[in-house]
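Thanks, everyone. Please have the structure open.

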Amino acid sequence: MTTLGKRGRPTALALLSTLLLALLLGLPGLAGAATAAPPRAPGEPGDRGVRASQPLVIGHRGASGYRPEHTLAAYQLAIDQGADYVEPDLVPTKDGVLVARHENEIGGTTDVAQRPEFAARRATKTIDGRAVTGWFTEDFTLAELKTLRAKERLPMLRPANTAYDGQFEVPTLTEVLDLVRRTNDARPGTARDVGVYTETKHPTYFQGLGLPMERTLVDTLRARGFDSPNDKVFLQSFETTNLRQLDRMTKLPIIQLIDGSGAPYDLVAQGDPRTYRDLTTPRELRAISSYAEGIGPNKELVLPRDATGRTGAPSPLVRDAHRNKLVVHPFTLRRENQFMAVNFRRGTDPNAPGDLAAEVRAFLDAGVDGLFTDNPDIGVATRDAWVRSGARPAA
């Protein structure tokens with residue numbers, strides 16, 4: 001498993017060691033060994049703290065398989081289940097405060113539609129080229145948003161989660177950071193520290209509204225003491241321009257998200273024809289490595305599905321990313337059948353649990369450096385068993 005930062009260069013001694021190891025093991029061809037970067041120790045220049053002793057389990061929006069997503073309860077449960085990182089997606093309020101919501105449209109994740117005092121705020125907006133109708137965080141002050149209560153986004157899929165509807169506020173990024181800090185302060189040593197994996201949503205859109213998130217994100221992290229390269233923080237986005245901006249603002253590690261279809265909206269807005277698929281080529285991965293430490297690809301870019309909906313051999317993406325010193329954290333592994341390839345499903349009910357453990361193992365075997373999951377308990381238990389077994393990614 002390769003877990004490298006972007007800016008270090010192999011020393012002469014390290015390069016010689018790599019070449020000698022290739023000779024001793026009888027590896028075919030020295031050119032690949034010479035161009036592959038040797039591992040760096042955590043904290044070594046260029047590492048930016050992205051190294052890990054084992055693949056990471058990232059609580060996707062918290063433990064969103066068991067609690068309404070992006071609530072402090074979901075993040076706390078992910079922490080309790082052993083997640084290495086929790087992931088808050090971030091959007092701004094009218095007064096520029098970053099809050100944790102998957103989208104700025106909050107009709108599906110809060111009780112705002114049942115609040116008559118906010119009925120007139122319902123609107124239709126064009127976001128990333130698509131018309132969206134509902135209620136939007138940028139039309140609410142933080143004080144107004146705090147009067148709302150979260151609810152389960154997928155009630156038909158996860159009816160048990162609806163028992164928590166109305167119990168939790170919409171948290172700010174500061175509140176998420178404080179939760180993580182309290183957890184880490186209560187644990188001995190740093191090896192068990194929980195990290196924060198932030199995502200800025202729709203940055204081009206919000207910049208157009210005069211609500212840029214990048215400086216606010218960096219300043220909020222710094223104010224809460226999450227600004228060292230060795231702090232367990234990742235910054236991610238589906239767009240590219242804002243990540244380049246963040247790269248100039250901070251030494252924290254950056255992850256370029258890559259979806260399975262479409263294109264980064266900033267590139268679309270600039271008339272750039274590149275798609276997400278284009279970003280997976282060796283040439284584009286090399287360009288990404290100039291500003292990022294890793295990629296977060298749609299999981300089907302790592303384990304493609306065939307015509308029958310089954311996964312087979314891994315794509316070259318993990319190999320190519322590692323050759324460019326990029327870690328790979330695919331999204332999103334969920335336990336319900338409808339989110340899985342056919343070979344991981346159990347039964348025919350799309351809402352029933354499939355074999356998430358088998359899916360996690362398949363991605364670990366493919367060489368990923370971490371993975372996003374709605375079910376951190378299954379992800380952690382499977383990862384730990386995989387590590388204990390001495391398993392290694394397929395060559």
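This is a predicted model: local features need pLDDT of at least 70, side-chain atom pairs count only at pLDDT 80 or more; totals for chains, interfaces and linings use all residues.

Start at T110. A polar atom of its side chain lies 3.2 Å from the backbone nitrogen of V112.

Where does T110 sit? In the loop between strand 4 (98–100) and strand 5 (123–127). Is T110 buried or exposed? Buried, because its relative accessibility is 0% and the cut-off is under 20%. Setting aside neighbours within four places in sequence, T110 is in contact with R101, L148, R149, A150, K151 and V170.

Now backbone angles. Most residues other than glycine have a negative phi, and most peptide bonds are trans.

H202 is not a glycine, yet has a positive phi of about 50°. H202 lies in the loop between strand 7 (195–200) and helix 6 (203–208). Its relative accessible area is 14%, so H202 counts as buried.

Next, K325. Its phi is near 60°, positive, and again the residue is not glycine. K325 belongs to the loop between helix 11 (317–323) and strand 11. With a relative accessible area of 13%, K325 is buried.

Last, a peptide bond. Which form does the bond from F331 to T332 take? Cis, with omega near -20°. T332 is in the loop between strand 11 (327–328) and helix 12 (356–365).

Technical notes:
Residues are numbered from 1 along each chain as its sequence is written. Side-chain values use heavy atoms; hydrogens and water are left out. Helices (H or I, at least four residues) and strands (E, at least two) are DSSP runs, numbered from the N terminus. Buried means under 20% relative accessible area, exposed over 50%, partly exposed in between (1.4 Å probe, protein chains only). A polar contact is a pair of N or O atoms within 3.5 Å; within protein, one must be able to donate a hydrogen and the other to accept it, and residues adjacent in sequence count only if both atoms are side-chain atoms. Contact means heavy atoms within 4.5 Å.
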